[in-house]
Amino acid sequence: DSDLSMRTLSTPSPALICPQNSHGFQNGRGSSTSSSSVTGETVAMVHSPPPTRLTHPLIRLASRQQKEQANIDRLPDHSMIQIFSFLPTNQLCRCARVCRRWYNLAWDPRLWRTIRLTGETINVDRALKVLTRRLCQDTPNVCLMLETVIVSGCRRLTDRGLYTIAQCCPELRRLEVSGCYNISNEAVFDVVSLCPNLEHLDVSGCSKVTCISLTREASIKLSPLHGKQISIRYLDMTDCFVLEDEGLHTIAAHCTQLTHLYLRRCVRITDEGLRYLMIYCTSIKELSVSDCRFVSDFGMREIAKLESRLRYLSIAHCGRITDVGIRYIAKYCSKLRYLNARGCEGITDHGVEYLAKNCTKLKSLDIGKCPLVSDAGLEFLALNCFNLKRLSLKSCESITGQGLQIVAANCFDLQMLNVQDCEVSVDALRFVKRHCKRCIIEHTNPAFY
């Protein structure tokens, strides 16, 4: 403890990340006088640790009395660290301003495996620079304990902030920058090149990101096996509108260990991109191509090559997918647990029948807004998929109460049923409630409550 205390005495601390107009954290009689000179933005502020003692006798007496009244100060260090572990980064920095003990505890390395910053106004580039500098004090220029950085929604994040992470955090395993539309391919390339242990990457909503690859220097250095050097397993590129088949080809060739891939609303992706994906990424368990309007039954044929490894598939609002594509998936992906086919209007009872007979372990199915699915399809589902827990039939015009009763009589573990905008009677809904005790029914029938 004494070594830690001596070390922190001479080290400035980024102890507050707060708006320019916010007041200091109250401590005893007074409050901190730190303030920001930057107008209209949030910045990381740096200051020294709190003083060791108060000199005036009366102040010392008041401080002693207040300390006796503070029950939290009676907690042992390990309990305080456990409490601090639930705080976001900015609140943890605030706690470092309370007193010397809190300062030392707040900078315990165990609390800095994760940096989590939120807010549209925060100057996140500067905050990351200050925080990483503080965390690198024992290992100059290298922050070995930091494994997770979450700055989702920080719209002021730029390539400069990502460069800081790439240069200082070689042990990074998880990075979430969703909604940060100012970052580009080059900064992302630097992160994946300099952080070889990165497994989880979320760049959803980053419209300038069109690819995931190593930098040219890293590619040359690692050639010819550089394609296997990116260890990313989870990749979310939702709303990366400019991602095209060629970019997906590059991603697949460099990220061969992918198990979770989400391409929601990547509207330029076609069946050709999925063909590239299946050549390199044969371990995918979860895949979403929702709202990719150019994906058709041919794309389903490619996805079916994943066979029993595929557990989660979302093809919502892919209007070119019909029963043919569903048959491909049902025939080869027998261990499928989740299927979202909402808005695929080409799916009929025949597709549901084939799915139910081949994917008997299905737990969640969404076939809402599929007007050609009727009670006949529900009957096949009920007689084969006894483990069904979630079923959405929203806006299925051909569904009646009879089909719901068949489902309820066979799927006792049903936990969620969506029949909004369906013509079903109150008696049918009550029948479902009697047979599926834990089922939550989402409906639009005002007579049922």
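User: Before we get to the cavity, what counts as a helix here?
Analyst: Helices are DSSP runs of H or I with at least four residues, numbered from the N terminus. Please keep in mind that this is a predicted model.

User: OK, and which helix gives the most to the lining of the largest cavity?
Analyst: That is helix 8, residues 185–194, which contributes 3 residues to the lining.

User: Which residues line the largest cavity, then?
Analyst: The lining is made up of Leu162, Leu175, Val177, Val188, Val191, Val192, Leu201 and Val203, and by class it divides into 8 nonpolar residues, with no polar and no charged ones.

User: How much space is in there?
Analyst: The largest cavity holds about 30 Å³, and the count of cavities of 30 Å³ or more comes to 1.

User: Back to helix 8, why call it largely enclosed?
Analyst: Because 7 of its 10 residues are buried, helix 8 is largely enclosed by the rest of the structure. The buried residues in helix 8 are Asn185, Ala187, Val188, Phe189, Val191, Val192 and Ser193.

User: Switching to the core, which residues touch the most other members of the largest nonpolar core?
Analyst: Ile212 and Ile315 do, in a core of 130 residues, and the largest share of this core, 5 residues, comes from helix 6, residues 124–135.

User: What is Ile315 in contact with?
Analyst: Leaving aside neighbours within four places in sequence, Ile315 is in contact with Val289, Ser290, Met300, Ile321, Ile326, Leu339, Asn340, Ala341 and Cys344.

User: New topic: how many aromatic pairs does a search of the whole structure find?
Analyst: The search finds 5 aromatic pairs. One of them is formed by Phe84 and Trp102, which sit edge-to-face at 5.5 Å centre to centre with 75 degrees between the planes. Phe84 lies in helix 3 (residues 77–84) and Trp102 in helix 5 (residues 100–106), so this pair ties together parts that are 18 residues apart in sequence.

User: Which aromatic cluster are they in?
Analyst: Tyr262 and Tyr312, both buried, form one aromatic cluster together with Tyr234 and Tyr338.

Definitions and conventions:
Residues numbered from 1 in each chain as written. Predicted model: local features only at pLDDT ≥ 70, side-chain atom pairs only at ≥ 80, totals over all residues. Heavy atoms only, no water. 1 Å grid on protein atoms, 1.4 Å probe; cavity = no way out; pocket = protein on both sides within 12 Å on 5 of 7 lines; lining within 4 Å. Points joined across faces, edges and corners; volume = space filled by probe spheres on them. Helix = DSSP H or I, 4+ residues; strand = E, 2+ residues; numbered from the N terminus. Nonpolar A, V, L, I, M, F, W, Y, C, P; charged D, E, K, R; others polar. Core = buried A, V, L, I, M, F, W, Y, C linked by side-chain atoms within 4.5 Å. Buried < 20%, exposed > 50% of the residue type's maximum accessible area, 1.4 Å probe, protein only. Contact = heavy atoms within 4.5 Å. Phe/Tyr/Trp six-rings, centres within 6.5 Å; stacked < 30°, edge-to-face > 60°.
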